[in-house]
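Subject: Handing over the structure

Dear colleague,

Here is the structure I said I would pass on to you.

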Amino acid sequence: MESIFRIMTILIYYLLMTVAVSADTEAAQEPVCQQIYTSDSTFDVVHTEMGRHAENEGLHRNILTSVKIEAKHSSTDEADSVSTDRTSWQILLKEIIPSGMYIDPEQIGNHKNVEMYFSEFVDIEKPEFKSDPQTVLVYTEARVSIQPSVSSIQPENSGLTLEASIDYPAHLRYHSPVYGKNLTESYADVVFLPPTVFIKNYGSMNLESGDNSCMMNFPCSASSKVNCTWMKVDITNKELNVLEFRIPVGQLHYALVVTLLTLTVTMGGAGYLSYIIIRDWPSTDDKKQQ
């Protein structure tokens, strides 16, 4: 009887926990940000796409990200009023850099077509187990394409397309050594999640419209001390752009062997150099003859 009561208690506990987790998940669900607002127009985002991959091998990689946002006119306003200036639309990527990875600010300073805002100092010498995740804002200009309406009767045919291609160098940190018993345990995994995408248009952004939950304040540029309001755009295939890196880690299982071997080679090399120096050192008689 007591065992049955215990089983029932456990089942009720797990049921309550499941309900609580479901409620928290629904409450924490992010809003769907699928509209673009300008000073005189509203666009519905109809297609979003992100591509992401890494180049090179080892601890030094190059991250390449492409973003495409397609939107259609959703009101009876004139779509041609949207700014077609190639430099007027800007895309911002909010990257969360994991503790096992870092971006060198000095290296980015010499990189073309991309600017980054670092909220805190980046210590490139720290290993993974002494580092924390960091937020980095990546700025780039968007390539803009305007599709004007075929007729004033069907303004919804008009559209707006924003595209950007971004690449920057990133580096993996050294990890803490482990007591591995097989080859699988000789590697550590670093997971780099896809960024959150925001857009901003100089002079045409209607900040009074739209869902406030889709608006965020970030620095206007990487070097600016003034904040601007950016619009979030949800990317439909975002979950497909998770990057995973496997890097080798030290094996504490071989620590004694490696230590003894290192000491032997070091002391042997030092002894040999000492022997050569003493052997070729001029004697007192040689100095007198000179």
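What follows is an account of what was found, arranged by topic.

Please keep in mind that this is a predicted model.

How enclosed is strand 7 by the rest of the structure? Of the 8 residues in strand 7 (residues 134–141), 6 are buried, so this strand is largely enclosed by the rest of the structure.

The disulfides

The structure holds 2 disulfides, and with the bonded cysteines counted along the chain they follow the pattern 1-2, 3-4. In one of them Cys33 is joined to Cys214, with an S to S distance of 2.0 Å. This pair links distant parts of the chain, since Cys33 lies in the loop between helix 1 (2–27) and strand 1 (35–37) while Cys214 lies in the loop between strand 11 and strand 12, 181 residues apart. The torsion about the S-S bond of Cys33 and Cys214 is about -90°, so this disulfide is left-handed. Cys33 is buried, with a relative accessible area of 2%, and Cys214 is buried as well, with a value of 9%.

A disulfide is also formed by Cys220 and Cys228, whose sulfur atoms are 1.8 Å apart. Here the torsion about the S-S bond is about 90°, so the disulfide of Cys220 and Cys228 is right-handed. Cys220 counts as buried at 13% relative accessibility.

The salt bridges

There are 5 salt bridges in the structure, and I describe some of them here. Glu95 and Arg52 meet through their side chains in a salt bridge, at 3.0 Å from N to O. Because Glu95 lies in strand 4 and Arg52 in strand 2, the pair ties together parts that are 43 residues apart in sequence. Both Glu95 and Arg52 are buried.

Asp189 forms a salt bridge with Arg246, in which the closest N and O atoms are 3.0 Å apart. Asp189 lies in strand 10 and Arg246 in strand 14 (residues 243–248), so this pair ties together parts that are 57 residues apart in sequence. Arg246 is partly exposed, with a relative accessible area of 47%.

Lys232 and Asp234 likewise meet through their side chains in a salt bridge, at 3.6 Å from N to O. Lys232 counts as buried at 11% relative accessibility, and Asp234 is buried with a relative accessible area of 18%.

Some further places to look

On the surface, Val191, Leu193 and Val242 form a nonpolar patch, which has about 230 Å² of accessible area together. Leu193 lies in the loop between strand 10 (187–192) and strand 11, and it is exposed, with a relative accessible area of 51%.

Most residues other than glycine have a negative phi. Asn56, however, has a positive phi of about 75° although it is not a glycine. Asn56 is placed in the loop between strand 2 (42–55) and strand 3 (60–73), and at 49% relative accessibility it counts as partly exposed.

Lastly, Tyr102 lies in strand 5 (residues 101–102) and is buried, with a relative accessible area of 12%. The C-alpha atoms of Tyr102 and Ile124 are separated by 6.8 Å, while the two residues are 22 residues apart along the chain.

With kind regards

Technical notes:
Residues numbered from 1 in each chain as written. Predicted model: local features only at pLDDT ≥ 70, side-chain atom pairs only at ≥ 80, totals over all residues. Heavy atoms only, no water. Helix = DSSP H or I, 4+ residues; strand = E, 2+ residues; numbered from the N terminus. Buried < 20%, exposed > 50% of the residue type's maximum accessible area, 1.4 Å probe, protein only. Disulfide = S-S within 2.5 Å. Patch = residues over 30% accessible without salt bridge, like charges linked within 9 Å, V, L, I, M, F, W, Y side chains within 5 Å. Areas by Shrake-Rupley, 256 points an atom, 1.4 Å probe, with all protein chains shown as cover. Salt bridge = Lys/Arg side-chain N within 4 Å of Asp/Glu carboxyl O.
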